[in-house]
Amino acid sequence: MTSRSKKQATLFDAILCVGFLVTVLVTCLVFLKKYEISAHVPLVAGAIFAATIAVFKLGFTWKELEDGILSTINTTMQAILILLVVGMLIGTWILGGVVPAMIYWGLNILSPSIFLVATTLICAIVSISTGSSWTTAGTIGIALLGIGSALGIPNTIIAGAIISGAYFGDKMSPLSDTTNLAPAMAGTTLFEHINHMLYTTIPALLISLILYGIIGFKYAGSQIDTTQIAQIQNALISNYNTLSPLLLLVPVAVIVMVIFKVPAIPGLIAGVLLGAIVSVVFQGASIADVFVVAKGGYVSSTGMDFVDQLLTRGGLDSMLGTVSLMLCALTVGGILEKTGMLEALARAILKVARGTFGLIAATIFTCIGTNLAVADQYLAIVIPGSMYKDAFIKQGLNPKNLSRALEDSATITSPLIPWNTCGAYMSATLGVGSFAFLPFAFFNLICPLISLFYGATGITIAKLSDDEKESLLEQKTA
């Protein structure tokens with residue numbers, strides 16, 4: 001097809017294409033949930049529909065749409081590479097005993113007088129170690145739920161503490177897929193994103209811990225059954241030559257590299273190499289073992305289900321599903337962006353939402369709305385991220401403000417919605433309804449509020465210099 005005159009995408013065109021996408025996703029992920037349909041093919045269907053409108057109504061050629069898709073995907077290639085490296089890092093850290101050591105020593109801080117506080121911290125440690133809130137809730141979370149129930153603490157409160165800790169770790173861990181996806185969509189770097197999130201996550205965690213501490217005073221002095229904790233620790237230590245605290249120097253080294261602003265990919269590759277070294281030196285693994293685990297992941301066989309579910313993960317292969325989902329989402333996003341449909345949608349919203357606060361509020365509520373409508377946290381990052389990326393730059397706001405707002409809303413609120421994939425998983429895993437634990441998931445409730453507060457006051461909002469703004473706008477038009 002040759003180039004021809006194009007029509008400007010209208011708000012109706014944008015609503016039509018996004019509405020079709022949402023309808024297909026909701027149908028497949030909610031109403032056809034029993035068939036376990038993933039979001040991949042519905043996203044492709046949305047891309048086909050948007051491309052059809054673009055070609056036959058707006059006058060675009062396929063070559064132009066393809067250029068838009070490839071351009072959008074190209075902006076996230078660093079994140080895709082990081083995810084693949086992270087998969088290898090997780091595998092080698094488990095093989096080397098780094099992750100088990102973090103869990104082993106984390107369980108030692110459990111105390112009857114501060115059970116809810118300790119539960120939140122333990123889940124945060126495990127989630128940072130693994131990069132997965134789901135794995136944390138499905139393993140250590142279940143064990144802590146049983147321990148807390150024996151103390152007479154309501155399951156709804158325990159579940160709230162588990163989810164608060166799990167999502168703090170998931171949000172802050174460089175091993176998490178959402179932590180990599182958000183900066184990729186916003187146009188910032190992984191470590192800049194993590195550093196900027198400290199301003200919302202640390203206060204939210206501290207406030208949550210205070211609230212859990214106040215609630216926990218009621219249960220102070222209760223005797224705790226340490227049998228489950230001992231079983232988990234014994235299973236961990238019996239499966240490794242050593243879980244020496246020296247292994248904790250590996251994640252410390254990666255944190256130091258973050259502080260000194262080592263680029264993400266070299267820093268994480270260094271983490272993989274350190275994981276390989278401790279695997280050989282401390283655990284007696286062979287070089288072949290390291291290579292196998294780096295690609296295919298670690299398979300735990302301790303005989304204890306909790307531990308095996310927690311440690312059977314990692315490897316480059318484990319990230320391919322997330323990468324393919326990103327590519328599918330970016331394909332439809334690339335078409336919507338190239339044709340101006342996202343811009344039309346964003347323009348309509350930004351007519352109401354003005355200034356820094358309006359922009360951040362629009363991002364947060366769009367993410368929550370996407371979580372409600374599409375029932376998937378990844379799409380709640382991808383769609384609003386694509387919509388508001390240019391608006392943040394034009395407003396003179398650093399892209400890391402956008403990536404923080406995406407995580408403060410899309411990632412954090414996903415487990416609070418019963419029909420969202422995260423909410424359904426947490427509810428089924430912990431045996432507590434989403435609306436039942438929602439009032440006690442303090443961290444998840446407080447984070448968006450702090451983000452809105454910063455947007456209203458300008459506190460911690462990073463601005464772009466005129467040169468930076470001009471450079472980013474030039475990159476957009478290039």
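The exercises below, each with a worked solution, concern a predicted model.

In this model, local features need pLDDT of at least 70 and side-chain atom pairs count only at pLDDT 80 or more, while totals for chains, interfaces and linings use all residues. Residues are numbered from 1 along each chain as its sequence is written, and side-chain values use heavy atoms, with hydrogens and water left out.

**Exercise 1. The whole chain**

Work out how many helices and strands the protein chain has, and what its radius of gyration is.

Solution. Begin with the DSSP runs, where a helix (H or I) needs at least four residues and a strand (E) at least two, numbered from the N terminus; the protein chain has 24 helices and 0 strands. Next take the radius of gyration over C-alpha atoms, for which the globule rule is 2.2 Å times the number of residues to the power 0.38. Because a compact globule of 478 residues would have a value near 23 Å, the 23 Å of the protein chain agrees with the rule. Finally, the C-alpha trace spans about 75 × 50 × 50 Å along its principal axes.

**Exercise 2. The nonpolar core**

Find which residues touch the most other members of the largest nonpolar core.

Solution. A nonpolar core is then a set of buried Ala, Val, Leu, Ile, Met, Phe, Trp, Tyr and Cys residues joined through side-chain atoms within 4.5 Å. The largest such core has 155 residues, of which Leu43, Ile103 and Leu311 touch the most other members. Helix α4 (residues 77–95) gives the largest share of this core, with 12 residues. Turning to Ile103, and leaving aside neighbours within four places in sequence, its contacts (heavy atoms within 4.5 Å) are Val126, Ile140, Leu236, Leu310 and Leu311.

**Exercise 3. Ile265**

Decide whether Ile265 counts as buried, partly exposed or exposed, and identify which residues Ile265 touches.

Solution. Locate Ile265 in helix α13, which covers residues 264–281. Because its relative accessibility is 22%, Ile265 counts as partly exposed. Not counting residues up to four places away in sequence, Ile265 touches Gln78, Leu81 and Ile82.

Note on methods:
Buried means under 20% relative accessible area, exposed over 50%, partly exposed in between (1.4 Å probe, protein chains only).
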